[in-house]
Amino acid sequence: MRKLLLLLLSSLWATPAAWACPWCRPRVRAGIYNAAYSANVLLVLLPVAVLLALGLALFYWDKLRPYFATSYGKS
Amino acid sequence: MANPNVSATRRTPLVAAGILLGAGLGGFVDGIVLHQILQWHNMLSGQLPPDTLVRAKVNMYWDGLFHAAVWVLTAVGLALLWAATGRADVPHSGRTLVGGLLLGWGLFNVIEGIIDHEILGLHHVYEYTPNHLPADLGFLAFGLLLLLAGWALVRAGRRD
């Protein structure tokens with residue numbers, strides 16, 4: 001058991017460590033915050049925004065229905 | 001406190017809360033299972049393939065933004081559920097709520113599948129194949145199944 005523990009510890013010692021990547025961080029930031037940033041935000045959030053609007057409209061439908069009925073009635 | 005003289009007949013607020021909660025949780029299933037565990041796609045992997053560490057980390061950022069958005073969806077759904085359960089005219093129907101959850105998950109698959117996969121091409125369900133259509137259609141078909149199951153449960157909940 002003691003030998004097994006020593007073997008495990010020594011294998012951990014021999015394993016190459018994972019390092020952060022300081023040189024790639026500026027490249028990552030450049031890849032995110034570029035000219036397409038606002039467009040990408042809008043595109044990524046679009047389906048969620050549609051779902052949120054749909055759910056809220058359904059929840060408040062009782063309050064919204066008279067407003068829509070009046071709007072359509074006037075036109 | 002619920003007023004016993006008011007009949008609990010308005011199920012729409014409960015269905016709406018279920019839809020938002022289901023859509024948020026469905027978004028987490030997509031993000032956790034397909035983005036992180038199986039690594040079939042990332043948020044922008046259709047435009048920026050994650051074939052280098054830098055590109056993978058850029059995709060990770062957009063995955064994070066997506067997760068933040070579905071977290072908001074889930075939180076709003078929870079707030080609406082709290083508001084709905086406090087109303088005397090909203091029935092305490094488990095089938096209606098679970099039906100709403102399935103409707104929300106199904107709507108997430110269909111809306112995200114149509115907008116992101118088919119119209120915008122931000123990513124596809126399974127990127128590691130030249131033909132993306134079968135997996136994309138499978139994702140949409142699963143969404144439609146969820147919608148049907150949710151609709152059936154909501155209808156069954158009318159008797160609750």
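This is a predicted model: local features need pLDDT of at least 70, side-chain atom pairs count only at pLDDT 80 or more; totals for chains, interfaces and linings use all residues.
Chain A is helical. It contains 4 helices and 0 strands. Along the sequence, the pattern reads α-α-α-α. Of its 75 residues, 9% count as buried.

Chain A meets chain B through 21 of its own residues, which are in contact with 32 residues of chain B. On the chain A side, helix H2 (25–32) and helix H3 (37–59) each supply at least two of the touching residues. H3(A) gives the most, with 14 residues. By class, this side of chain A has 17 nonpolar residues, 3 polar residues and 1 charged residue.

B:Gln39 follows H1(B) and has a positive phi, near 55°. Helix H4 (residues 133–156) of chain B has 24 residues. At 1.5 Å a residue H4(B) should span 34 Å, and its end C-alpha atoms are 34 Å apart, so the two values agree.

H4(B) also contributes buried positions. These are B:Gly143, B:Leu146, B:Gly150, B:Leu153 and B:Val154. An α-helix has 3.6 residues a turn, so residues three or four places apart point the same way. The cover over the buried residues of H4(B) includes H1 and helix H3 (94–119) of chain B.

The largest nonpolar core holds 37 residues. Those that touch the most other members are B:Ala16, B:Ala17, B:Ile19, B:Leu20, B:Ala23, B:Leu73 and B:Leu80. Both chains take part in this core: H3 of chain A, together with H1, helix H2 (53–85), H3 and H4 of chain B, each supply at least two residues. The largest share, 10 residues, comes from H2(B).

B:Leu73 illustrates how the chains meet in this region. Not counting residues up to four places away in sequence, B:Leu73 touches A:Val48, A:Leu51 and A:Leu52 in chain A. Within chain B, under the same exclusion, B:Leu73 touches B:Leu20, B:Ala23, B:Gly24 and B:Gly27. Two of these partners, B:Leu20 and B:Ala23, are themselves listed with B:Leu73 among the core residues that touch the most other members.

Note on methods. Residues are numbered from 1 along each chain as its sequence is written. Chains are lettered from A and ligands numbered from 1 in the order in which they are written. Two residues are in contact if their C-beta atoms, placed from the backbone, lie within 7 Å. Ala, Val, Leu, Ile, Met, Phe, Trp, Tyr, Cys and Pro count as nonpolar, Asp, Glu, Lys and Arg as charged, and the others, Gly among them, as polar. A residue is buried if 20 or more other C-beta atoms lie within 10 Å of its own, exposed if 12 or fewer, and partly exposed in between; C-beta atoms are placed from the backbone. The expected span of a helix is 1.5 Å times one less than its number of residues. A nonpolar core is a set of buried Ala, Val, Leu, Ile, Met, Phe, Trp, Tyr and Cys residues joined through C-beta atoms within 7 Å.
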